[in-house]
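This briefing is meant for a reader who is meeting the structure for the first time.

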Amino acid sequence: MASVGDNYILPGKDDHDRLRTLSDLHDERTHTLLRRAGFAPGCRFVEFGCGLGYVTRWAAAEGAAATGIDVNDEQVQACQALAREAGLQGATFRTGSVYEPGFEPGTIDVSYNRWLMVHLNRPVDAMRAIHGILKPGGVMVCEEADLSAIYAEPPSDAYDEMREIAIAAGRTRGVDYTGGRRAPAWAKAAGFEIVHVDAYHPHFIEGRFKGFWNWTLRNACRRLVDEGAMTAAQWQRLVDGMSAADDDRDTTVAHCRMHQLIARKSLS
């Protein structure tokens, strides 16, 4: 199985609609966090693991010199097309790795990533690479997930089982899908000063966002069927069970908890 990043298992065109929904779900909070971190027009901004580039394009529209970087070339091409359609001169996109950012040391004001570190085998090394390209006083802004917080109430055995399968699959790949809670410790190990930490935990009883994690988990775990790690019948049983919870307005579905971090490179 080909993976994107260290062990990202949701690449390709079939993931574009999911990424658009993710943007609709999270971007307002992201913009608020970035402004709190000191994002401002004229800053030099980079987003690692940019996906379809929603945050990078927002930064460019706000007046930043914004670069989006992703290891998935197909998504980078989509980003470039979307930026052209929006007439954004300040947004550039390129294929690359957070481990080798490709910027001169000490030249970036604000680095941003969302749901990137939890897909990496070496998150501290990735943060060290970001630290190196930031200006003294520059900030790294991260939003990272903790999948262990996904649940349904009344309880859904399907949600519980699929969540645990996905977390275990991450451990097998050497990544931590509960790692959002560890992002501050990773940043400190990488040499950052911790400025701000917070978390939010979306819950839904209805609407298009309610089934987002059903969508995500079933797509990710379908790869496990392809690998032979779970059967198609088991996968279908769990998808049907999660869908039943999603369709029941008397059932609340809790998404992953999103951990937010602002970390600063020392002035000295």
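A salt bridge, as the term is used here, is a side-chain nitrogen of Lys or Arg within 4 Å of a carboxyl oxygen of Asp or Glu. The model is predicted, so local features need pLDDT of at least 70 and side-chain atom pairs count only at pLDDT 80 or more, whereas totals for chains, interfaces and linings use all residues. Residues are numbered from 1 along each chain as its sequence is written, and side-chain values use heavy atoms, with hydrogens and water left out. Helices (H or I, at least four residues) and strands (E, at least two) are DSSP runs, numbered from the N terminus. A residue is called buried under 20% relative accessible area, exposed over 50%, and partly exposed in between (1.4 Å probe, protein chains only).

**Salt bridges**

- Side chains of opposite charge can pair when their charged atoms come close.
- Across the whole structure, the search finds 15 salt bridges.
- One of them joins R181 to D146, with the closest N and O atoms 2.6 Å apart; this pair links distant parts of the chain, since R181 lies in the loop between α5 (157-172) and α6 (183-189) and D146 in strand β5 (residues 134-146), 35 residues apart.
- R181 is partly exposed at 42% relative accessible area, whereas D146, at 0%, counts as buried.
- Another salt bridge is formed by D24 and R208, whose closest N and O atoms are 2.7 Å apart; it connects helix α1 (residues 16-37), which holds D24, with the loop between β8 (203-204) and α7 (212-227), which holds R208, across 184 residues.
- D24 is partly exposed, with 47% relative accessibility, while R208 is exposed at 53%.
- R35 and E62 also meet in a salt bridge, at 3.4 Å from N to O, with R35 in helix α1 and E62 in the loop between α2 (54-61) and β2 (65-70), 27 residues apart.
- R35 is partly exposed at 44%, and E62 is partly exposed at 31%.

- Strand β9 (residues 252-254) runs antiparallel to β8, and 2 bridges join them.
- F204 stands opposite V253 in β9.

Technical notes:
Pairing = 2+ DSSP bridges.
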